[in-house]
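Work through the two exercises below with the model open beside the text. Each task is followed by a solution in steps.

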Amino acid sequence: MDIAKLLNGADVANALNSKIINEVEALKTVGVSPTLAILRVGEKPEDISYEKSVMKRCATTGVGVKSVALRADAAQEELKQIIYDLNCDGNVHGVLIFRPLPKSLDESAACAALDTAKDVDGITKESLAGVFTGSGKGFAPCTAQACVEILDHYKIGCEGKRTAVIGRSLVVGKPVAVMLIDKNATVTVCHTRTPDMPAITRDADIIISAVGKPEFLTKDYFSPGQIVIDVGINWSEEKSKLCGDVRFEDAARVVAAITPVPGGVGTVTTSVLVMHVINAAKIGAFA
Ligand code: NAP
């Protein structure tokens, strides 16, 4: 039995990292040391784990990091002041704010306080407007862009392809749907009110899944020849391990190519974030 080709996140990330390293060197020759600020509120294990992987990626590519951590019970004013300080700090080119913030804080006010020029994770309305209008302003949400980078790296054309995106969050589903429409795909966005989702996904050439449910997509969802990008990062109680939205062993027997979890979209997302920091630094340096 044929097994699907693995769309390995590390291969895509390595290609991006090589470009980043060259860009960092070029920026340093003109006296700019690209730097990311990471703003974390509280001590959530998933935030700390993502922070470590971002710091590692910055270290290997020569990008500076400034970490700011607030207590989980921090006041809104304190958060606002920190964001203001980072906006004004000329040595900081991009800011990553871990979300969701604790419920006691107003997340939309925090997002709105961030300078769009430093919004390397596409959380401000202005950045999202850039994605949705195609104006090229601001930065796309990193995970949505990571899906596109994977397709581009493996030279998977989207033009005219029926594409099913599962999920409609502003972090992944909606922006990736628009980014694929811009690549001339014919996109169907599925969510909790979508009837007979397996019929839609089986009919698609490309499936992008951002459901957030462990191994939700079983063999009924797939058909031969498909490309599957699994964005989900979920904890499976059943298997006591991280897994995607896709039941990998079901899909891999049927489809043409698939991203693994871990080692797929998440790996690329970190490099996309660092690439955005470089681009923000370049815009600042050559404006
Ligand atoms: P989210 O905000 O919870 O959105 C989930 C989406 O899936 C919603 O639009 C929801 O529909 C839809 N959905 C949920 N259950 C469904 C069902 N039974 N049938 C059809 N649609 C369903 O999640 P998110 O922030 O987009 O994240 C999605 C997944 O991606 C999570 O596993 C997250 O951990 C992962 N993630 C990975 C990365 C990465 O770098 N790899 C980054 C961010 C997120 P409704 O809108 O109708 O509720």
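The model is predicted: local features need pLDDT of at least 70, side-chain atom pairs count only at pLDDT 80 or more, and totals for chains, interfaces and linings use all residues. Residues are numbered from 1 along each chain as its sequence is written, and side-chain values use heavy atoms, with hydrogens and water left out.

**Exercise 1.** Describe the surroundings of the ligand and its polar contacts (pairs of N or O atoms within 3.5 Å).

Step 1. Around the ligand are 20 residues, of which Arg 168, Ser 169, Thr 192, Lys 213 and Asn 234 come nearest; a residue is near if one of its heavy atoms lies within 4 Å.

Step 2. A backbone N or O atom of Ile 233 is 3.1 Å from a ligand oxygen. For Lys 213, a polar side-chain atom lies 2.9 Å from a ligand nitrogen. In Thr 143, a side-chain N or O atom is 3.5 Å from an oxygen of the ligand.

How values were computed. Polar contact = N/O pair within 3.5 Å; in protein donor to acceptor, adjacent residues only side chain to side chain.
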